[in-house]
Amino acid sequence: APERAGRATGRDGADDPFEFLNSTAARRRGGAEQPDYLAPPPSGPAVVAKWGLLSLLALLVLAGQYAVFHFQELARTPQWRPYYAQACEALGCTLPLRSDPEALRGANLVVRSHPDYRNALMVDALLFNEAAWPQPFPVLELTFQDLDGDTVATRRFQPAEYLRGELAGARAMPVATPVHIGLEIVDPGARAVNYNLRLLAADRPDPRLGAAP
């Protein structure tokens, strides 16, 4: 009788040295068979609490990213500004100025020939901030039109282009204080018989029209 029953033997009756290859092939052929036991996925209150906490952290991270990326916009809104103020007090940041384009007004717009240069005009106007708080200086849009109302020329001026003297480099437009501005521009030609000035908030496209008298 053979010494080890159940062992594969070669043609000469000796142990088959390649038995492990046959066993591997057999396992591969039976790979589709289901194992006798599969551990169930973990469950229970602890697992639910863990995934709930991870979901909450993910939502907080997304909310924080949104708050940072939209800082300039959200920090100006009345409902969110107090929260940003508390955050900036703790982090040392600076809140952007509140902006209300509806509280910007232009008056006494005058366009006349330049006294020193040919084919040039002088533009004078008064700007008013009727809000209860200082706000950024507006972008000025000066438009010339012909008798039919068609636009002949238009130009926008950033605050740095029209602030002069003591207001040069100023960041905030004072409250209830008229600000005189003077501009020198190229004459758009004889067709330009009408003109108007729009005051545009620097952070929004909302205009405030200040028509020529």
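## The β2–β7 pairing

Strand β2 (residues 120–129) pairs with β7 in the antiparallel sense, over eight bridges. Two strands count as paired if DSSP finds at least two bridges between them. Within this pairing, Leu-126 stands opposite His-180 in β7. The model is predicted: local features need pLDDT of at least 70, side-chain atom pairs count only at pLDDT 80 or more, and totals for chains, interfaces and linings use all residues. Residues are numbered from 1 along each chain as its sequence is written, and side-chain values use heavy atoms, with hydrogens and water left out.

β2 and β7 belong to an open sheet of three strands, in the order β1-β2-β7, with antiparallel pairing. Its edge strands are β1 (104–113) and β7 (179–186), each pairing on one side only. From one strand to the next, the twist averages 20 degrees. The angles run from 0 to 180 degrees between N-to-C directions, and the axes are lines fitted to C-alpha atoms, for helices over the stretch in contact. Strands of a sheet pair through backbone hydrogen bonds, either parallel or antiparallel.

## The chain as a whole

The chain has five helices and nine strands. Both are DSSP runs numbered from the N terminus: helices are H or I, at least four residues, and strands are E, at least two. Along the sequence, the pattern reads α-α-α-α-β-β-β-β-β-α-β-β-β-β.

Of the 213 residues, 26% count as buried. Buried means under 20% relative accessible area, exposed over 50%, and partly exposed in between (1.4 Å probe, protein chains only). The accessible surface of the chain is about 15,000 Å², and 57% of this belongs to carbon and sulfur atoms. These areas come from the Shrake-Rupley method with a 1.4 Å probe; for residues, only the protein chains shown count as cover. Among contacts between residues at least 6 apart in sequence, 57% join residues at least 24 apart. A contact means heavy atoms within 4.5 Å.

## The disulfide

The structure holds one disulfide. A disulfide is a pair of cysteine sulfur atoms within 2.5 Å. Here the partners are Cys-88 and Cys-93, with their sulfur atoms 2.0 Å apart. The link is left-handed, with -105 degrees about the S-S bond.

The two cysteines fall into separate accessibility classes. Cys-88 is buried, at a relative accessible area of 6%. Cys-93 is partly exposed, at 34% relative accessibility.

## Buried loop residues

Asp-146 sits in the loop between β4 (139–145) and β5 (151–157). Asp-146 counts as buried because its relative accessibility is 9%. Its side chain reaches the backbone nitrogen of Asp-150 at 2.9 Å. Leaving out residues up to four places away in sequence, Asp-146 touches Val-152, Arg-191, Val-193 and Asn-194.

Ala-201 lies in the loop between β8 (194–200) and β9 (207–211). Ala-201 is also buried, at 6% relative accessibility. Ala-201 and Gln-135 are 66 residues apart in sequence, but 9.3 Å apart in space, C-alpha to C-alpha.

## Exposed loop residues with positive phi

Asn-119 is in the loop between β1 and β2. Its phi is near 55 degrees, a positive value in a residue other than glycine. Asn-119 counts as exposed because its relative accessibility is 59%.

Ala-176 is in the loop between β6 (172–173) and β7. Ala-176 also has a positive phi, near 55 degrees, and is not glycine. With a relative accessible area of 64%, Ala-176 is exposed.

Definitions and conventions
Polar contact = N/O pair within 3.5 Å; in protein donor to acceptor, adjacent residues only side chain to side chain.
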